[in-house]
Structure formats: C-alpha cells, structure tokens
Amino acid sequence: MSVPHSRTSLVASLRRTRNTATPTVAGSPPYRSARKQEHRFSSQRLSSTLRSQGALELSVHKEEFVSKLLNRKWALRSPATQIHQIMVSNLYREQGDAFDNVSFVNIQQPSLGKSLVAENHCQPSFYVVRDDLLHPLVNGNKARKLDALLPLLEHNSVTDVVACGGCQSAHAAAVERGLKSHLLLRGEQPETLTGYNLISTMYGNVRYVPRSLYAKREEMLAMHANKVAGSDGSIVSLGELLEASFSNQGFGEQSVQVATRTYAESEKKVVIINEGAGDAVGLLGAIRLVEYLSQEHLFGRNQALKVIVDAGTGTTAIGLGLGAVCLGLPWKVTAVMLADTIEGYRQKEKSLISEFRVSFNLPDLDQLLSKGRGVVHWVERSLPRKFGKALKGEVEKCQRIARDTGVLVDPVYTLAAWELGMQFSREEGAKAVMLHTGGTLGMFGLAQRYRSYFQMLNE
C-alpha cells in the first residue's frame, strides 16, 4: 500500500527544516533550547504521521477482511431493505408518558446520502430500517440470522435441523429451503394454534417441552438431535462447517449442484441451532446489512449514527456492533435488553465474539475492538418487566403507531426500540436509526394471552 511519505523521506524533510532554522536574536532563548523545541515538534509530526499511516493500513485491512468475510452464498438475494423516516410531533414531552398527545408521520422515501448530512430538521425524527418487509413469514432479524446459515447447511448436505425457542418463535424458514425442522418449544401447547406457532406446526415437527427441561437447553438439544439422527445418522458441528466455509472461501454454483444431487442419497446429517440462532454464523447477516447501509447513497461511512435494536438473545445487536467496528464506522449500537441482565448480555457478547474469532481465524480481532468496552451499549427498557410480558396501554400505543405510519410494532420487542428511537430523535448530533426486527405475527399469540388488552382496541 502506498502512502504519501515514507518514514525516511519524512525524517530527511525534518532535517532540512532544522538546518534552515532561524538564528537566535538578543533576548531570545539559547539556540540549543530552540533546537530542543524544534526536535520535539518534529517528533510530534513524525509520530502523528506514523499514526495516521497505521490507521490507514488498519482501515484497508478492515475492508479487505469484511470483503473476504462476506464472500459467500446468501439466502437473501440482496441485503437491500427499505428505509423510512419517522417524524415525531413537537408535542412529545420528556415528562410523563412519551405517547401523550404525540403523533407520527412516515416519510417512505426520505433524503439520504449527501442530503442526509445537509438536512437539519427542526422537528424530531428517526429512521426505521424496515426489515419486517423482507418476507411475509420469516423477516426481521430472523431472516438476517439465517442469511448465511441456510446456504451453509445446503452446501454441506445437512438434512435436519434441531432448534428451540418460545411458543411464538419464527422457525419456519429452514423448511422452505428443503430442510426438516425439529422444533422444541418452551411451555404448554396453546388451545388454539396461531401466529408463528401455527406456521411452525404446519411446516415443522413441533414438540412442547416442560420449562424445567428447557432450562437446560444445551443438554435438551443434544438429546433430541441424537434421537433425530438415529443409529445411522450423524450430528454435524455448525462451528466446524463455518470454519471450513471460511477456509475454502465460499462455494460456487457447481459445488452446490453436486450437494443437491447427492442430498436424497445421503444419510441423515443433523445440525443443532442454538436458541434465537445465537451462533457466530448468525452474525454474518447483520454484518452484511451494516455494509449495505454504509453505502454513500444511504447513511454513508462518515455520518455518526445511533443504531437501535431490541435484544432477545442479543445476537443481532452484537452482529451490528461487529459490523460497525470492522468497517470503522462512527456508529454506536444501542440494544434494549428484554430477556436477560446486563451481565448476561455482556457475557453473551464476549462468548459470541470469541466464537467469531475462532471460526474466522482472527487472533488479532482485539486490535479492531475498543479494549474492554465491547461493541454494544446495553440499556434497560424504559419500563422493565419480565420477558414476554405486555403492559396495559402498550397495545394501544402499537395501534397508534400503525394508524399514523403503517408500521406494525409489537409490545414485547419492537415497541421498546421505537420508544428509544423517539427519545434519541430529540438529541442533537448523531442520527437515530431503528432496526425493525420483524416478528409481527407474534401479535396473534399476544392477542390470545392478553385478550382484555386487545378487546379495548374496539372501545
């Protein structure tokens, strides 16, 4: 890589400057003192230049690494997604309920790129990345987590996947790709199947697991995977498949066709997917999304952003944070904690980044990360509660948002991110960008669980 000046040429330039220094005059400091000051100034220039050269080399290294990382097959044909801008009425107040007398306007084709930097709205606003529109059933962060995973499983002739989650978790995508899904759902079977629970039952093999057994997820998944594999099948490590795919630098059309031809003739090959697709491979789709959003005609690479996301397992937030760090973007990822403590999320972040480092052979990844600070800023929800619980009045808030903007959010996940977007919209400096994580079919399940809340919509 070429740089404007080498260290040798810079030192020679400084020497020439030193040799032509202005002589001292009466009343001025001694010449030796002036030489010391000049030498100090020269050293500072040299140090500054070397630091800038090192930063440039690291920047190029980051981009090369991300390019290599994303050179693979994807489930989504394109990382493209719609971006809307939500204008918040000036009646929004810091005190009291944020939704008192508030209204929204959705600008579906906002000014981005260079216009984004130039604009200076007096009215508060934030942007929404509409990943909820990626697919009618499997959208949002689930689609991003599976973006790199599903082609990886297809390429390696995997026949079955074993996964787990809550009753309204979105697990149907694997079946659409020709894989057999075996789903372990926490709790009891509802009286009437609806939402994602209905879709999962139509597409996959569903079993309901007592909460006491579900608490030991790893053991539960391993036992069920052994049953699915049987005596003639095998359980394949997802981590090993991922490491091999990176070492072999992707896979072409020909190899995929070969894998497809032998698919029906092969023995059962079973892969375990952690809860919420919380594996290193699940980070790749989020990193791909960050690269897409950082294009100059969208948010660019110089605009400071506050990226907001709701956090279940935290995988999506960690992927977004890693993507921003690896690309050297001035983006701060803030995740609203919904299912764990801050200690639990920080441990998850540490564990996933460690798995990511091993999977992609990155012993020097720490050089890209801010030591000890992590890649995600974890925050409490404005009204903390037990995971999965909706509070009185939140369904009406979702209804107001939907009527004003055409954007459907749910009280468990995406409403939490929306509320933080409203808060950030009033702060100066960085633009606020919310990632819509989808999951709106889960509203059908909530309507069963909180009937009185939904009955109030007609009053």
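Aspartate 131 is buried, with a relative accessible area of 0%. (Buried means under 20% relative accessible area, exposed over 50%, and partly exposed in between, using a 1.4 Å probe and protein chains only.) Aspartate 131 forms a salt bridge with arginine 144, and their closest N and O atoms are 2.7 Å apart. For a salt bridge, a side-chain nitrogen of Lys or Arg has to be within 4 Å of a carboxyl oxygen of Asp or Glu. Aspartate 131 sits in the loop between E3 and helix H4 (140–155) while arginine 144 is in helix H4, so this pair ties together parts that are 13 residues apart in sequence. Arginine 144 is buried too, with a relative accessible area of 2%.

Before we go on, keep in mind that this is a predicted model: local features need pLDDT of at least 70, side-chain atom pairs count only at pLDDT 80 or more, and totals for chains, interfaces and linings use all residues. Residues are numbered from 1 along each chain as its sequence is written, and side-chain values use heavy atoms, with hydrogens and water left out.

Arginine 288 lies in helix H11 (residues 281–293) and aspartate 147 in helix H4, so here the parts tied together are 141 residues apart in sequence. Both arginine 288 and aspartate 147 are buried.

Now for the sheets. Helices (H or I, at least four residues) and strands (E, at least two) are DSSP runs, numbered from the N terminus. Two strands pair if DSSP finds at least two bridges between them. Look for strand E3 (residues 125–129) and strand E12 (residues 431–435): they run parallel and are joined by 3 bridges. Valine 128 stands opposite methionine 434 in E12. Contact means heavy atoms within 4.5 Å, while axes are lines fitted to C-alpha atoms, for helices over the stretch in contact, and angles run from 0 to 180 degrees between N-to-C directions.

The other open sheet to find has 5 strands in the order E6-E5-E4-E8-E7, and the pairing is parallel. Here the edge strands are E6 (205–209) and E7 (234–236), each pairing on one side only. From one strand to the next, the twist averages 25 degrees. Strand E5 (residues 180–186) and E6 pair in the parallel sense over 5 bridges, and leucine 185 stands opposite tyrosine 208 in E6. H6 packs on the sheet and touches E5 and E6, its direction making about 125 degrees with that of E6.

Helix H6 (residues 195–203) also holds tyrosine 203, which is partly exposed, with a relative accessible area of 37%.

Let's finish with one more salt bridge, in which the side chains of glutamate 188 and arginine 211 meet at 4.0 Å, N to O. This pair links glutamate 188, in the loop between E5 and H6, with arginine 211 in helix H7 (residues 211–214), 23 residues apart. Glutamate 188 and arginine 211 are both exposed.
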